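Keep the picture handy and follow along.

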Amino acid sequence: MEAADEARLASLAAEGDRDAFARLVTPHAKILAGYIAKRVGISADADDILQDTMLSAWKSVANFDGRSSFRTWVVSLAKRRVADFYRKTGRSETVPLSENEWAYAKDIINESENRMDVKSALAHLNGDDNELVYLIFTARLSYNEISEAIGIPAGTIKSRMAAIKMKLKKMLEGSGK
C-alpha cells in the first residue's frame, strides 16, 4: 500500500471510520499474529496480545504520522504489547512448545530433510535473533523499518544478521548440508 493511501486511511480511521481502519490493518494481521506467536507461543495469551495491539492501534491511529510505514508502526505497537505481557506476568521470553504445537512443528519439519536441518538450526537461535529473522524474512521489513519498530540501530541489525547467517551456515554445514 502506498504511503499516501496509508495516511489517508489513517486520517479517516482517526475520525472513527472503522472500514478505513480495517483496510489499513488487514494486510498486516497475519504478520502481527505470527510475530506475536513467535514471541509468546501459540496461545490464548497471543490472541489477547493481538487484540490489545489492534485496540491500541485503533485508539492511537491519530498518532500515526507516516514517518514509517504503517506495518512498521503497528509492529512496534505489538512489540510493546509483548513487552508489557512479560513485564506483567513476570515470565521469561523463552516459550516452550505445547505437545500439539510440537507435533505440528514435527509434521512440518519432516516434510523434507533439508527443511528439518534449517528448522533445527533456526530453533537454536535465541529469541532476539529469531525476532530479527522473522521480521526480515516473514514480515519482510527493511533494516530501517525494523530499526524504527524495535529501537535498534540499522547498522546493529545488519551486524547481527551477518552473525546470524554465519551461525546458521556453520550449523547447516555441521549437519552435512
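Two residues are in contact here when they have heavy atoms within 4.5 Å of each other. By that rule, and leaving aside residues up to four places away in sequence, asparagine 130 touches Lys38, Leu122 and Leu125. Keep in mind that what you're looking at is a predicted model.

## The overall layout

So what is the chain built from? It has ten helices and zero strands. If you read along the sequence, the pattern is simply α-α-α-α-α-α-α-α-α-α.

The chain has 177 residues, and buried ones make up 37% of them. Now look at the contacts between residues with a separation of 6 or more: 63% of these join residues 24 or more positions apart.

## The nonpolar core

The largest nonpolar core has 43 residues, and Ile36, Val40, Phe70, Leu135 and Ile146 touch the most other members. At least two core residues come from each of α1 (3-14), α2 (18-25), α3 (29-40), α4, α5, α8 (127-138), α9 (143-150) and α10 (154-174). Which helix gives the most? That's α5, with nine residues.

Let's zoom in on leucine 135. Not counting residues up to four places away in sequence, leucine 135 touches Tyr35, Val75, Arg140, Leu141, Ile146 and Ile150.

## How α4 and α5 pack

To describe two packed helices, you give the angle between their axes and the distance between the axes. For α4 (residues 44-60) and α5 (residues 70-89), the angle is about 130° and the axes are 9 Å apart. The two helices are therefore oblique to each other, and their crossing is right-handed.

Which residues make the contact? On the α4 side you'll find Asp45, Ile49, Asp52, Thr53, Ser56, Ala57 and Ser60, and on the α5 side Trp73, Val74, Leu77, Ala78, Arg81, Val82 and Phe85. Sorted by class, this contact of α4 with α5 has eight nonpolar, three polar and three charged residues.

## How α3 and α8 pack

The axes of α3 and α8 come within 10 Å and cross at roughly 165°. Angles over 145 degrees count as roughly antiparallel, so α3 is roughly antiparallel to α8. The crossing is right-handed. From α3, the contact uses Lys30, Ile31, Gly34, Tyr35, Lys38 and Arg39, while α8 brings Gly127, Asp128, Asn130, Glu131, Tyr134, Leu135 and Thr138. Split by class, the contact of α3 with α8 has four nonpolar, four polar and five charged residues.

Arginine 39 sits in helix α3 and is buried, with a relative accessible area of 5%. The C-alpha atoms of arginine 39 and alanine 83 are separated by 9.5 Å, although the two residues are 44 residues apart along the chain.

## How α8 and α9 pack

Next, α8 and α9: their axes come within 10 Å and cross at roughly 130°. These two helices are therefore oblique to each other, with a right-handed crossing. Glu131, Leu132, Leu135 and Ile136 in α8 meet Tyr143, Ile146 and Ile150 in α9. By class, that's six nonpolar residues, no polar ones and one charged.

Which residues of α9 are buried? They are Ile146, Ser147, Ala149 and Ile150. Just after α9 comes glycine 151, with a positive phi of about 75°.

## A lysine with several neighbors

Finally, find lysine 79 in helix α5. Is it buried, exposed or partly exposed? With a relative accessible area of 23%, lysine 79 is partly exposed.

Which residues does lysine 79 touch, not counting those up to four places away in sequence? The list is Tyr35, Glu131, Ala149 and Ile150.

Definitions and conventions. Residues are numbered from 1 along each chain as its sequence is written. This is a predicted model: local features need pLDDT of at least 70, side-chain atom pairs count only at pLDDT 80 or more; totals for chains, interfaces and linings use all residues. Side-chain values use heavy atoms; hydrogens and water are left out. Axes are lines fitted to C-alpha atoms, for helices over the stretch in contact, and angles run from 0 to 180 degrees between N-to-C directions. Helices (H or I, at least four residues) and strands (E, at least two) are DSSP runs, numbered from the N terminus. Angles under 35 degrees count as roughly parallel, over 145 as roughly antiparallel, 65 to 115 as roughly perpendicular and the rest as oblique. A crossing is left-handed if the near helix is turned anticlockwise from the far one by less than a right angle, and right-handed if clockwise. Ala, Val, Leu, Ile, Met, Phe, Trp, Tyr, Cys and Pro count as nonpolar, Asp, Glu, Lys and Arg as charged, and the others, Gly among them, as polar. A nonpolar core is a set of buried Ala, Val, Leu, Ile, Met, Phe, Trp, Tyr and Cys residues joined through side-chain atoms within 4.5 Å. Buried means under 20% relative accessible area, exposed over 50%, partly exposed in between (1.4 Å probe, protein chains only).
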